[in-house]
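Below are my notes on the model, as numbered points. Please read them with the structure open.

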Amino acid sequence: MQKNDRTHFILSPGRLRRRDNNLYFDKFDEDLSVCATKILPINAIDEVYILARVEIDSYTLAFLADNNVLLHFFSPYGSFRGNFFPNTSNSVNKSGFVLLQQLRAFDDSVKRLYIAREITRAHILNDAMNCKKHGVSFDISPHIAALEGATTIAQIMAAEGAFQKLYYEKWNEIITDQKSFKFTVRSKRPPADKINSFISYINTRIYNVCLSEIYKTELDPRIGFLHEPNYRALSLHLDIAEIFKPILGDTLIFTMLNRREITAKDFETNAGRIKFSNEAVQKIEIKIIGKLTEQVEIAGQKLTWRQVIRREANRLKKCICEDAPYEGFVWR
């Protein structure tokens, strides 16, 4: 698949292996025999998305770890299943000071509430901007008021949840193909219909992009502020993704559906579960990579969207470590 984002996608069964300090992918045919081999230059890859059955050995995993390459694994139905997250002496995420400050900020109820509220405010404002750009009226003042009055993380989550429910209802005024993509209720694991399947796929991609960019800072992705770490392995990327899902994900869904770049024919049903065809995944990924590498001007700097996400993580780090004021990024 075309890539200029240092991201590689594997959509076919095969074997990922190390040879001569490089990465090779052996593609398998229906009899599990090698039918093609491709070199993946290790210095040109930051992360690999594995959406097919792929064999990989421990020496290759160690090689990927030494080169700080992340792996993202998906089920046969396209559901996200986990990451391979390098933790070696070459890893950049190694600041004990930042880890301690992040833990202190999490334990400080006032600071945690402040950060969680600012993230949620940015999320609501970015959602509202999407409605405004499509000429859909949406009075967000009651939701902002509920957010301002929240005194616990649970109340912030409740304010966000109530807002999000109404926001999704507004999608039916934005998406033109209401026969195939009418939104009724948000469903996950597994998504109940095509629009939920599309939302889940895009959200998962944004979560993983945010995780990759957090990994390039000194922040620890295990400690989130809006989303409880609890028994979840990672949570900070979920926080930051709240800000960027409306900007990058929702707008991509609206555009691809309204331009009929994705239609009902791009979905397959297997064992009662809905997923994209490989051809549809390629179409979507080309759009996502194009968006992530698009340059925008922020505070006088030209940045790609990936860099904007990393900038947001560093702004959060400054708030955590230096008590700098923090306002979640809003794209106007």
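1. Ala-299 counts as exposed, at 69% relative accessibility; exposed means over 50% relative accessible area, buried under 20%, and partly exposed in between, with a 1.4 Å probe and protein chains only. Ala-299 sits in the loop between strand 11 (295-298) and strand 12 (301-304). Its phi is positive, about 50 degrees, although Ala-299 is not a glycine. Most residues other than glycine have a negative phi.

2. This is a predicted model, in which local features need pLDDT of at least 70 and side-chain atom pairs count only at pLDDT 80 or more, while totals for chains, interfaces and linings use all residues. Residues are numbered from 1 along each chain as its sequence is written, and side-chain values use heavy atoms, with hydrogens and water left out.

3. Arg-260 is another non-glycine residue with a positive phi, near 60 degrees. Arg-260 belongs to the loop between helix 8 (236-258) and strand 9 (267-270). With 54% relative accessibility, Arg-260 is exposed.

4. The protein has ten helices and twelve strands; helices (H or I, at least four residues) and strands (E, at least two) are DSSP runs, numbered from the N terminus. The radius of gyration is 20 Å, close to the 20 Å that the globule rule gives for 332 residues, so the protein is as compact as a globular protein of that length. That radius is taken over C-alpha atoms, and the rule is 2.2 Å times the number of residues to the power 0.38. Along the principal axes, the C-alpha atoms fill a box of roughly 60 × 55 × 40 Å.

5. Of the 332 residues, 53% count as buried. The protein exposes about 15,800 Å², of which carbon and sulfur atoms supply 50%; areas come from the Shrake-Rupley method with a 1.4 Å probe, and for residues only the protein chains shown count as cover. Among contacts (heavy atoms within 4.5 Å) with a separation of 6 or more, 61% are between residues 24 or more positions apart.

6. Where does His-72 lie, and is it buried or exposed? His-72 is in strand 7 (residues 70-74) and is buried, with a relative accessible area of 0%. The side chains of His-72 and Glu-47 are joined by a polar contact of 2.7 Å. A polar contact is a pair of N or O atoms within 3.5 Å; within protein, one must be able to donate a hydrogen and the other to accept it, and residues adjacent in sequence count only if both atoms are side-chain atoms.

7. Thr-7 lies in strand 1 (residues 7-10) and is buried, with a relative accessible area of 0%. Leaving aside residues up to four places away in sequence, Thr-7 touches Glu-47, Tyr-49 and Arg-306. Its side chain makes a polar contact of 3.2 Å with the side chain of Arg-306.

8. Ser-187 is placed in the loop between helix 6 (178-181) and helix 7 (194-215). At 15% relative accessibility, Ser-187 counts as buried. The side chain of Ser-187 reaches the backbone nitrogen of Ala-192 at 2.8 Å. Beyond four places in sequence, Ser-187 touches Ala-192, Asp-193, Asn-196 and Ser-200.
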